[in-house]
Amino acid sequence: MHYDTIVIGAGSMGMAAGYFLSKSGQKTLLLDAFDPPHSNGSHHGDTRIIRHAYGEGEQYVELALYAQELWEELEKQSGESLFLQTGVLNVGPKHSDFIQNIISSANRYDLSLDVLNSEEVSHRWKGIKIPNDYIGCFEPASGVLKCETCISTYKKLAIENGAHLAMNQRVSSVKLNENEVVVKTPNGTYYANSLIIAAGAWSSGLLSSIGINLPLQPTRKTFAWFQTDEKLYNDTTFPAFSFVTSNGTYYGFPSIDGAGLKVGRHDGGEPVHPSESMRPFGDGDQEDVSTFLETYMTASEHTLTYGKTCMYTMTPDEDFIIDVHPNYSNVAIAAGFSGHGFKFSSAVGHVLSELITNGETNQNISPFSLKRFIKGD
């Protein structure tokens, strides 16, 4: 029951970390309260957008480009189809921070970006209508990740590399010292030289038990699929998208394999406790995204197929936490991905594995230090 590294949380970041650790020859245990991929956290719902010119800030661009490289490597190694290059259309008021960050990051990193006025957007995509003072920023190299397939693929390869999985085991306690970690579950006690915590919405309680109190807030989010005009919205002609509007921030996906146009709201949401049942998708959720579709999409009918709920785990500044424990260099932490983290999970997993095996990483993770939330630092 002794391992080189234990990973608590085998979802988006944790499963990727487990793959890279096992690939490097580490005896690795992946622990999870469920059996990823699953629908109890933040990684379900079939698809996630990957963007490179980043509206949330230029500090994300290099990590996003590295993540893209790793997704493409994973596709080649596994033979699985993980990425659809639909392009991503970002829409909003010309002078909004989100749009200006996209333009400036594309310029700085020499990324392909088409900046379009409202008329040009409507001409290129007949299914979209936007106000005259909005513009569109189209990234042709970006697109859609098949999120659950990504996790399943990392899981399969990690097992092939010799990683051990202990699924459906909720962690009851964690004890640390400089040379060993002890993790207890109702099923048994596990020992390792090092530890990674990437437990999503459950991170706050686990981190508190090892002396790190972070302001992480799990938040209920919803998304839904709508049947509409396939000629306008199928994935061969329509991009993934993100809209910053006066009523909120929305994102969505073209109809992939006839599944329907998928739409969700990024901002807002209700604070929740991750271990308590969430209110299911309901009429108010449908009304919100339906209003968005009626306002910005031209098709006359959008019929709801079904909706789902998930959780964002928010930090106050909506930036990530990727760091090592301030007192134990053998403990790495990834948390607070605030609803825009999945695209980075390949890169974050590799970073976590480097922090454990090398004590450092080649990626710049200084913007994601947990110290910004620790009083006195």
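Cys 150 lies in helix H5, where helices (H or I, at least four residues) and strands (E, at least two) are DSSP runs numbered from the N terminus. At 0% relative accessibility, Cys 150 counts as buried; buried means under 20% relative accessible area, exposed over 50%, and partly exposed in between, with a 1.4 Å probe and protein chains only. This is a predicted model, in which local features need pLDDT of at least 70 and side-chain atom pairs count only at pLDDT 80 or more, while totals for chains, interfaces and linings use all residues. Residues are numbered from 1 along each chain as its sequence is written, and side-chain values use heavy atoms, with hydrogens and water left out.

So what does Cys 150 touch, leaving aside its neighbours within four places in sequence? Cys 150 is in contact with Trp 71, Leu 74, Leu 82, Leu 145 and Phe 342, contact meaning heavy atoms within 4.5 Å. Leu 74 is 76 residues from Cys 150 in sequence, yet their C-alpha atoms are 8.5 Å apart in space.

Trp 71 and Leu 74 also take us to helix H2, where they join Gln 77 and Ser 78 in meeting Cys 150, Thr 153, Tyr 154 and Leu 157 of H5. By class, this contact of H2 with H5 has five nonpolar, three polar and no charged residues. Here Ala, Val, Leu, Ile, Met, Phe, Trp, Tyr, Cys and Pro count as nonpolar, Asp, Glu, Lys and Arg as charged, and the others, Gly among them, as polar. Two packed helices are described by the angle between their axes and the distance between the axes. For H2 and H5 the angle is about 60° and the axes are 11 Å apart. The axes are lines fitted to C-alpha atoms, for helices over the stretch in contact, and angles run from 0 to 180 degrees between N-to-C directions. H2 and H5 are therefore oblique to each other; angles under 35 degrees count as roughly parallel, over 145 as roughly antiparallel, 65 to 115 as roughly perpendicular and the rest as oblique. H2 passes H5 in a left-handed crossing, a crossing being left-handed if the near helix is turned anticlockwise from the far one by less than a right angle, and right-handed if clockwise.

H5 also packs with helix H1. The axes of H1 and H5 come within 9 Å and cross at roughly 30°, so these two helices are roughly parallel to each other. Their crossing is left-handed. On the H1 side you'll find Ser 12, Met 15, Ala 16, Gly 18, Tyr 19, Phe 20 and Ser 22, and they meet Ile 151, Tyr 154, Lys 155, Leu 157 and Ala 158 in H5. That contact has eight nonpolar, three polar and one charged residues.

Now follow H1 (residues 12-23) to H9 (residues 345-357): these helices pack at about 50°, with axes 7 Å apart. H1 and H9 are therefore oblique to each other, and H1 passes H9 in a right-handed crossing. Among the residues making the contact are Ala 17 and Leu 21 of H1, and Val 348, Leu 352 and Ile 356 of H9. By class, the contact of H1 with H9 has eight nonpolar, seven polar and no charged residues.

In soluble globular proteins, nonpolar side chains tend to be buried together. The largest nonpolar core in this model has 60 residues, and those with the most contacts inside it are Trp 71, Ile 196, Ile 322, Val 348 and Leu 352. A nonpolar core is a set of buried Ala, Val, Leu, Ile, Met, Phe, Trp, Tyr and Cys residues joined through side-chain atoms within 4.5 Å. H1, H2, H5 and H9 are among the elements that each supply at least two residues of this core, and H2 gives the most, with eight. Ile 196 touches Ala 17, Leu 21, Leu 352 and Ile 356, among others, not counting residues up to four places away in sequence. A second, separate core of 28 residues includes Val 174, Val 183, Ala 192 and Leu 216.

Last, a few loops. Between strands S2 and S3 sits Pro 37, and the peptide bond from Pro 36 to Pro 37 is cis, with omega near -5°. Asp 46 is in the loop between S2 and S3; Asp 46 has a positive phi of about 80° although it is not a glycine, and is partly exposed at 38%.
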